[in-house]
Amino acid sequence: MKWVEIIRLRTEGIEGLPKDMHAELAQQLKQCPPSQELKKVNLYAHTSVPNDLMISMTWDTPDALPWGSELGRSLSRELRQYGLTDHSVWIEKN
């Protein structure tokens, strides 16, 4: 089953964010190479809110994990120190 895990970080108005946060996070995500289950990892920046970001992880597993992967839950917990996070799982419908 194909599914996407999305983690959004909202940082608007929060001070003390690392200036190179996107670059550092992108570097860490590159260390999660695609596998048989984890097909792709992408990092997106918000177009008008400079520090807001979104991570999407595309999975292909026998069943979707309703609460997300261990990797996704870990990333979500770590990002909470920088602002509000939203962690959700979406399944592909054809």
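Started with Arg10: at 35% relative accessibility I log Arg10 as partly exposed, meaning between the cut-offs of under 20% for buried and over 50% for exposed, with a 1.4 Å probe and protein chains only. This is a predicted model, where local features need pLDDT of at least 70 and side-chain atom pairs pLDDT 80 or more, while totals for chains, interfaces and linings use all residues. Numbering runs from 1 along each chain as its sequence is written, and side-chain values use heavy atoms, without hydrogens or water.

Next I looked up salt bridges (a side-chain nitrogen of Lys or Arg within 4 Å of a carboxyl oxygen of Asp or Glu). I got 1 for the structure. Asp52 pairs with Arg10, closest N and O atoms 3.1 Å apart. Asp52 sits in the loop between β2 and β3 and Arg10 in strand β1, so the pair ties together parts 42 residues apart in sequence. Asp52 itself I log as buried, at 2% relative accessibility.

Then the sheet. I took strands (E, at least two residues) and helices (H or I, at least four) as DSSP runs numbered from the N terminus, and called strands paired at two or more DSSP bridges. I read an open sheet of 4 strands, β2-β3-β1-β4, paired antiparallel. β2 (38-45) and β4 (84-91) are the edges with a single partner strand each, so one side of each has no neighbour in the sheet. For β2 and β3 (residues 53-60) I noted 7 bridges, and Asn42 opposite Ser56 in β3.

Last, helix α1 (residues 21-30): I found α1 lying across β1 (2-10), β2 and β3, at about 175 degrees to β2. Contact here is heavy atoms within 4.5 Å; angles, from 0 to 180 degrees, are between N-to-C directions of lines fitted to C-alpha atoms, for helices over the stretch in contact.
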